[in-house]
Amino acid sequence: MADCIFCSIVDGDIPSYTVYEDDDVMAFLDANPLARGHTLVIPKAHHERVNDLPADLSTAVFDAVHDLTPHIEAAVDAEATTIAVNNGAAAGQEVPHVHVHVVPRSEADGGRPIHALIEDRPDVADAELEDVAAAIRGD
Ligand code: 5GP
Ligand code: ZN
């Protein structure tokens with residue numbers, strides 16, 4: 001798509017430190033990494049959100065995440081990784097082309113878990129949990 005940074009990377013118009021590529025998926029180092037080895041895994045086709053991905057492409061992206069993660073950890077001697085998607089602008093997505101962040105982590109990095117994303121958490125009663133679960137199931 002025109003004016004999409006990640007489509008320009010796929011097309012080779014913007015350079016990247018590519019670590020993996022196949023017909024459907026590409027992975028490259030983040031230009032402003034949260035840690036050494038911070039990698040972005042993307043579908044080559046332009047889709048804005050995970051919700052927009054065809055199922056086979058979703059599978060291909062996560063297969064690549066699965067296969068790359070141990071190599072990323074080993075390359076930078078990381079103890080773990082945070083694997084995350086900012087899925088939509090309200091969730092902090094700045095580049096509107098689906099990308100999975102694979103961020104190498106260690107006990108000493110001072111980083112926090114995904115549960116630190118939101119400090120003001122709702123107090124959800126059991127009845128409401130049941131309602132929300134039913135709504136997600138489509139009951
Ligand atoms: P988001 O906030 O949309 O989840 O993450 C976008 C990510 O893309 C950021 O971590 C940012 O550093 C990275 N990024 C933005 N522009 C470029 C670029 O031109 N090249 C690379 N390799 N990464 C980029
Ligand atoms: Zn794009």
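I started with His46, which is partly exposed at 24% relative accessibility. My cut-offs, with a 1.4 Å probe and protein chains only: buried is under 20% relative accessible area, exposed is over 50%, and partly exposed is in between.

Before going on, I noted that this is a predicted model, where local features need pLDDT of at least 70, side-chain atom pairs count only at pLDDT 80 or more, and totals for chains, interfaces and linings use all residues. Residues are numbered from 1 along each chain as its sequence is written, chains are lettered from A and ligands numbered from 1 in the order in which they are written, and side-chain values use heavy atoms, with hydrogens and water left out.

Distant parts of the chain are linked here: Cys7 sits in helix H1 and His46 in the loop between strand E3 (39-43) and helix H2 (55-75), 39 residues apart. I have Cys7 down as buried, at 6% relative accessible area.

**Overall layout**

I counted three helices and five strands in the protein chain. Helices (H or I, at least four residues) and strands (E, at least two) are DSSP runs, numbered from the N terminus. From that end I read the order as α-β-β-β-α-β-β-α. The C-alpha atoms fill a box of roughly 50 × 40 × 25 Å along the principal axes. Of the 139 residues, 30% count as buried.

**Aromatics**

How many aromatic pairs does the structure hold? I found one. Phe6 and Phe28 make an edge-to-face pair, with 5.4 Å centre to centre and 75 degrees between the planes. Phe6 lies in helix H1 (residues 5-10) and Phe28 in strand E2 (residues 25-29), so the pair ties together parts 22 residues apart in sequence. For the record, rings of Phe, Tyr and Trp (its six-membered ring) pair if their centres lie within 6.5 Å; planes under 30 degrees apart are stacked, over 60 edge-to-face and the rest tilted. I noted both Phe6 and Phe28 as buried.

**Ile9**

Ile9 is also in helix H1, and I logged it as buried at 8% relative accessibility. From Ile9 to Met26 I get 9.3 Å, C-alpha to C-alpha, across 17 residues of sequence.

**Positive phi**

Most residues other than glycine have a negative phi, so I looked for exceptions. Asp3 has a positive phi of about 70 degrees; it sits in the segment before H1 and is exposed, at 81% relative accessible area. Asp77 has a positive phi of about 55 degrees. I placed Asp77 in the loop between H2 and strand E4 (80-84), exposed at 70% relative accessibility.
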